[in-house]
Amino acid sequence: MSQATYNKMWTDAQKDLDIQLQREREEFLQPEKDRVKAFKMLATSYIKYMQIFRNLETAHDQLIHQQKRTLIRQVLDGVIGRILEMKKEMVELENSEFHYIDNILEDLKLLPEDIEVPIPRYFIKEKLEVLQQREKVLDQILLNAGLQTQKPVKTMTFEEAIKMIQVAERARQGCRRAAFMKQIYLEEKRERQTKLQVQMGPNPDDAATCIQKVWHGYIQRKKTEKMREEEMIFLGMSLPPHLKATSISQTYAGQINALQGEVLEREEEVFIKDKLRETEGLDIKETLQSQIGQCFVECRHIIGKFPDYPTEEAGGSTAILSQKTPEQVAAELAAKKEMALQKKAQKGKKEKEERKEKVKGKKTPITGKKEEEGWKMAPSNFLSIMEEGNSQYKAVWQNRDEGWDFLQDHDPELIKEEKREEVEAEIRVQVGELMQQKLENLKLAVDGEKSNKQEKGSKKKKKMTMRKKISEMEEDLTPDRTIDSLYRQLVEEGLLMKAKTVNLSDYVGSQTVHEKAPLVKALLLAGPTGVGKKMLVHAICTETGANLFNLSTSNIAGKYPGKNGLQMMLHMVLKVAKQLQPSVVWIGDTEKIFSKAVPKAEEEMSPKRLEKMLPKFLKALKAQDRVLLVGTTDRPFDANLKPFCKVYQKIILIPRPDYASRFVLWKHIILQNGGTITNLLNISCLAKVSDGFTQGHIVHAVQAVLSELRLLQMTRKPLRTAEFVTSLARQDPVYKEEEETFKVWYAKTPLGKARIRALADSEKAGKEETKDKGKGKN
């Protein structure tokens, strides 16, 4: 698609965003008593934002124009954050991590695929070189440590090797023989033609005929090409000649490497900045000096002395120039004095009333705000970001004439406006130093005062040197170690592992967003064996380019013994994870850390050694740290519930697949392993028979059937349903008792309890309503 198409996609997304922001202002300000109506309103907005997100993400990825991409990225971060906020509200409103919104999708004429969360491509693209380099370093460390070998080469028997050599040798001899026979044939043909020419002599008619054949062939080919081109233009599959040049230029522009485009833009930015500094720098400097000098004079005229020059933290010269006119300053001073007198009078009056009440022995009644009934949307951290981006779009891009911008890569005028502010800021610093010295000279010459700046500065330094208490996990235990050395040690110890390349699509969602979105430090994936918990962990790392740290009990057993050793291990993991973020810290079989009783066979592994340190580890993670703790468990009911839920505040229960999921799974896995689906293979039957089995069971069953020999026989012996049923029957399914155990356990978690209470309240309200109606009839 051309750049114009993606520009239109961006424009449409901004229109939808404008409508959605208007809806938020109208609908979400008032409390809603009906929870069903509130959820529908919330889910509809969630779906709308998801559509806007998908369009903005595509436009951001495909557009070349750097300034447009910058604005889209700002709005995109706001939309992603708003989606996360709405998801949090939906979870709290329904007390469930899963939502059924099929009816809303049907009303909006949308498919389930339309609300799938795409992984923003800039997650990986913006740091592709770093990730590739990190992967190379990781492979080399694993190779040197003997933890990973080169890509395995398939071994073959002596007979297979001889057979392969024989086949290759026969092919080589056949090629040589064919080339030799062709050479003999061409030589014989050349000799025959030479004899004929000698005997017959040159014939003018034959020469004319040969020329005519060549010419007629050339003319006909040109006519055919022209007819085909006209037909393609008529069908709308090709552009007319006068538009083709533009299309070729746009296509070429679209294929330009993004990194080269950014380099060229940076070079032009530097050139424009230097030009502005050269042409306008002197005027800006003189204007600033004149304005600041005038402020000094006016200030002395009002308060009787020269002001203190603001520090850089307080704004410097900007703070001086932002001050009001002499009349406004005088009015503000008078208003402040009056306000102080009023406050003093009110305070005195209040103290008198309190004394009277104490004498009378009466207590002041505490009046709190009356709670508003019904659900109301919580304040958002991202509405302001979206509003700002939307306003900027309307002001700059909505009605902008871009007919002159042929390449659609950047706008020099916007760069000039931006760089003018930077040049002014640089000059302002220089002017600030000059005017500060000038102010000192004026004070000394006119008022005879000396600056107390140095004394104030020394006092400030003394105050700032107060030691802040550092938590146990935040203390730097390795100040003399580099990140590379820590990284290497963690890899060699097996704590930092290479994630498998798994995309979320195989499982059959900017720093601004992370800092302001609802914070999730720890996530628990619970479910029966084989539902894909570990696969999801690897998929998270693949899609976000995250490091994977393995702190499973079995992996850390015998490593870093003792309390000090454990503290050092967690310190190194935390330090490297923060420095090379994003990072995922994975704890497999995490229930063993919080187990009620440790089995004798596992006592040597000391599974509970992390129990007291994990809360401290999570406390050391701040909002800006893109580090996620992920626990996986297939026996969560073996853990003490209270400390378990305290660490994992977000719990996702992954059930066994339903019929529709199993149908897709069987088809996908059979094709993925090289199988061919024919009429003899009943996928629907396999999906029904496999009720109670997980994704892992289905994968094992398919791989057991589709061996190398069976794949070779498939052309003459198609796959049959019974083959997979027999393989599946050798495995134990997830029985109903185990599934009920998971449901009972989840009902004891905070979210499960809240859902049960909400259902009980709604049933009680329904019974009371029915009872009242019955009374009314009587």
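**Helices, sheet and backbone**

Q: Which residue takes a positive phi just after α8?
A: That is Gly236, with a phi of about 80°, placed just after the end of α8. Bear in mind throughout that this is a predicted model.

Q: And α8 itself, how far apart are its end C-alpha atoms, and what should its residues span?
A: The end C-alpha atoms of α8 (residues 204-234) are 45 Å apart, and since 31 residues at 1.5 Å a residue should span 45 Å, the two values agree.

Q: Which residue other than glycine has a positive phi?
A: Asn95 is a residue of that kind, with phi near 55°, and Asn95 sits in the loop that links α3 (66-94) to α4 (102-107).

Q: Since α3 came up, how do α2 and α3 cross?
A: Their axes come within 9 Å and cross at roughly 155°, so α2 and α3 are roughly antiparallel to each other. The crossing in which α2 passes α3 is left-handed, and the contact of α2 with α3 has 20 nonpolar, two polar and 10 charged residues.

Q: What about α1 and α2, at what angle do they cross?
A: The axes of α1 (residues 3-27) and α2 (residues 35-62) cross at roughly 155° and come within 9 Å. Angles over 145 degrees count as roughly antiparallel, and α1 and α2 are therefore described in that way, as roughly antiparallel to each other. Their crossing is left-handed, and by class the contact of α1 with α2 has 11 nonpolar, eight polar and five charged residues.

Q: Switching to α6 and α16, is that crossing left-handed or right-handed?
A: The crossing of α6 and α16 is right-handed. The axes of α6 (residues 128-144) and α16 (residues 483-492) come within 10 Å and cross at roughly 50°, and the two helices are therefore oblique to each other.

Q: Which residues make that contact of α6 and α16?
A: From α6 the contact uses Arg134, Val137, Leu138, Ile141 and Leu142, while α16 contributes Tyr487, Arg488, Val491 and Glu492. By class, the residues of this contact of α6 with α16 are six nonpolar, no polar and three charged. As background to the spacing along a helix, an α-helix has 3.6 residues a turn, so residues three or four places apart point the same way.

Q: OK, on to the sheet, what is the order of its strands?
A: It is an open sheet of six strands in the order β1-β3-β4-β5-β2-β6, and the pairing is mixed.

Q: Which strands stand at the edges?
A: β1 (496-497) and β6 (650-653) do, and because each has a single partner strand, one side of each is left without a neighbour in the sheet.

Q: How do β2 and β6 pair, parallel or antiparallel?
A: β2 (residues 522-526) and β6 pair in the parallel sense over four bridges, with Leu525 standing opposite Ile652 in β6.

Q: Which helix lies across β2 and β6?
A: Helix α28 (residues 736-747) lies across β2 and β6, and α28 runs at about 160° to β6.

Q: One more backbone spot, then: is the peptide bond from Gln581 to Pro582 cis or trans?
A: The bond from Gln581 to Pro582 is cis, with omega near 5°.

Q: And where is Pro582 placed?
A: Pro582 lies in the loop between α20 (562-579) and β4 (583-588), and β4 is one of the six strands in the open sheet we went through above.

Notes. Residues numbered from 1 in each chain as written. Predicted model: local features only at pLDDT ≥ 70, side-chain atom pairs only at ≥ 80, totals over all residues. Heavy atoms only, no water. Axes fitted to C-alpha atoms, helices over the stretch in contact; angles between N-to-C directions. Parallel < 35°, antiparallel > 145°, perpendicular 65-115°, else oblique. Left-handed = near helix turned anticlockwise from the far one by under 90°. Contact = heavy atoms within 4.5 Å. Nonpolar A, V, L, I, M, F, W, Y, C, P; charged D, E, K, R; others polar. Pairing = 2+ DSSP bridges. Expected span 1.5 Å × (residues − 1).
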